[in-house]
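Keep the viewer open and follow along.

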Amino acid sequence: MNTYDIILKKRNGEVLEKDEIIYMVNGFTDGEIPDYQMAAFLMAVYFKGMNHEETTELTMAMADSGDRLDLSGIKGIKVDKHSTGGVGDKTSLIVGPILASLGVPVAKMSGRGLGHTGGTIDKLEGIPGFQTGIPEKDFIKQVNEIGLAIVGQTANLAPADKKIYALRDVTATVDNISLIAASIMSKKLAAGADAIVLDVKVGTGAFMKKLEDARTLAKTMVAIGTLAGKDTIAVLTDMNEPLGNQIGNILEVEEAAECLKGHGEHRLMEVSKTLSAYMLLAAKKADSYVSAMDMVEESISSGKAFEKMKEFVSAQGGEAAYLEEPSRFEKAKLTKTITGRDLFLAKPETADWKRAYLTGCNNQEIGMTSLILGGGRLTKDSKIDLTVGIYLYKHLGDEIQDDDKVAVLYGNDKEKLIEAEKRFARAYTLSQENHFSGQVVYEVITKENLDN
Ligand code: URA
């Protein structure tokens with residue numbers, strides 16, 4: 001077997017054998033296959049695709065490329081959650097405490113943000129003192145004691161994914177269904193949970209822009225999880241605008257805390273509660289979706305979920321008092337208010353408008369606005385500013401008038417703020433008629449409806 005022949009075979013659209021896929025994954029992870037050959041292979045996969053069997057073999061080879069986390073020391077059914085990535089998506093910070101407050105152990109290894117999407121670990125580092133790098137045995141102990149721990153990836157989990165993802169990121173081969181499914185599921189299988197709930201984002205801020213592609217990705221991942229013996233379900237949720245009101249690392253921690261105090265923005269709450277309810281069902285803590293949802297509502301309204309969030313933050317060395325009093329969080333020094341007028345003036349065809357509806361949003365551009373302000377990474381080594389971001393006062397479907405406040409941008413650099421303002425204002429589509437559906441949760445994919 002040699003690398004050239006495997007690249008050629010895929011380039012010609014042929015189906016690869018299991019041992020050829022393992023050869024590519026192991027050879028690249030060990031450094032025997034150079035970047036240029038793996039890049040060519042990934043581009044061939046991007047254009048010619050992989051069938052179901054090939055995608056499953058790729059996932060398994062990547063999951064077996066390093067250690068598998070042993071969560072057997074944690075009592076109960078362990079349920080993991082994963083989002084395919086979005087803008088303002090802080091659901092892990094909301095769902096984790098809800099589940100833990102209801103007796104479901106959550107042992108989560110999370111990632112950092114890349115490109116226009118954010119990452120849970122960066123957000124948590126916005127809490128003074130919070131440690132994201134705790135040793136594995138302390139991680140397990142904490143989950144047994146308080147039901148929740150969220151750490152950065154410490155163990156050598158799916159190293160093949162780490163290397164392949166870094167190469168995909170710079171060779172325009174990220175948004176391919178087989179490669180995304182294998183990347184996510186290899187990490188989830190290596191992370192050791194018994195059940196997996198996937199939040200597959202769809203829309204202008206997601207990797208999958210179209211519902212049918214998101215559905216195919218969801219079905220691919222559910223099939224792989226099921227084959228690996230994990231109870232796996234996927235929820236397709238909207239990413240055509242940011243989730244919630246706040247985007248940026250510290251701003252998102254603040255918003256997650258407000259949600260658990262019962263003051264959450266309705267779309268963010270709908271996604272968080274839906275994911276929580278499916279996780280409760282997967283953990284066999286509820287016998288119907290309705291009773292699972294009741295339990296989730298009660299955990300928030302009683303204050304138990306917020307108490308759990310504080311307990312979790314303290315256990316990892318963070319100052320939980322900040323969650324009680326978000327005004328204590330460090331803020332960026334400069335702000336810029338964006339009004340309806342700024343949005344009208346951003347495009348010649350709306351320059352003389354006085355009122356309109358927000359009917360569309362290039363959400364990737366909103367993510368890029370946050371990145372330009374300093375809140376995101378263009379490469380994995382970029383340093384980020386945890387204090388910057390965006391506060392949204394209007395959402396799709398809202399009417400805006402000339403002097404309405406649409407958003408406030410937070411930054412620490414005047415020039416970046418000017419660039420961000422331009423980018424933000426141009427990201428929206430305005431109309432005189434409101435034609436916005438408002439749907440947030442589109443579909444649920446389970447192993448029972450894979451063939452539909
Ligand atoms: N998230 C991942 O972990 N991998 C991908 O390929 C895309 C999103």
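Start at Asp-161, which sits in helix 8. Helices here are DSSP runs of H or I with at least four residues, strands are E runs of at least two, and both are numbered from the N terminus. Asp-161 counts as buried, at 5% relative accessibility. The cut-offs are these: buried is under 20% relative accessible area, exposed is over 50%, and partly exposed lies in between, with a 1.4 Å probe and protein chains only.

This is a predicted model, so local features need pLDDT of at least 70 and side-chain atom pairs count only at pLDDT 80 or more, while totals for chains, interfaces and linings use all residues. Residues are numbered from 1 along each chain as its sequence is written, and side-chain values use heavy atoms, with hydrogens and water left out.

What does Asp-161 touch, leaving aside residues up to four places away in sequence? Its partners are Met-62, Ser-183, Ser-186 and Lys-187. A contact means heavy atoms within 4.5 Å. For a sense of distance, take Ala-218. Asp-161 and Ala-218 are 57 residues apart in sequence, and their C-alpha atoms are 19 Å apart in space.

Ala-158 is in the loop between strand 3 (148-152) and helix 8 (159-170). Ala-172 is in the loop between helix 8 and helix 9 (177-190). Most residues other than glycine have a negative phi. Ala-158 has a positive phi of about 40°, although it is not a glycine. Ala-172 also has a positive phi, near 55°. Are these alanines buried or exposed? Ala-158 is buried, with a relative accessible area of 2%. Ala-172 is exposed, at 57%.

Two strands pair if DSSP finds at least two bridges between them.

Follow strand 11 (residues 405-411) within this sheet. Strand 11 is mostly covered, with 6 of its 7 residues buried. How many bridges link strand 11 to strand 7? There are 6 bridges between strand 11 and strand 7 (residues 334-339), in the antiparallel sense. Here Leu-334 stands opposite Gly-411 of strand 11. Strand 9 (residues 389-392) also runs antiparallel to strand 11, joined by 4 bridges. Ile-390 faces Leu-409 of strand 11 across that pairing.

Step back to the whole protein. It has 18 helices and 13 strands. Its C-alpha atoms fill a box of roughly 65 × 50 × 40 Å along the principal axes. The radius of gyration is 22 Å, which agrees with the value near 22 Å for a compact globule of 452 residues. That radius is taken over C-alpha atoms, and the globule rule is 2.2 Å times the number of residues to the power 0.38.

Buried residues make up 58% of the 452 residues. Of the contacts with a separation of 6 or more, 77% involve residues 24 or more positions apart. The accessible surface comes to about 18,200 Å², and 49% of it belongs to carbon and sulfur atoms. Accessible areas come from the Shrake-Rupley method with a 1.4 Å probe; for residues, only the protein chains shown count as cover.
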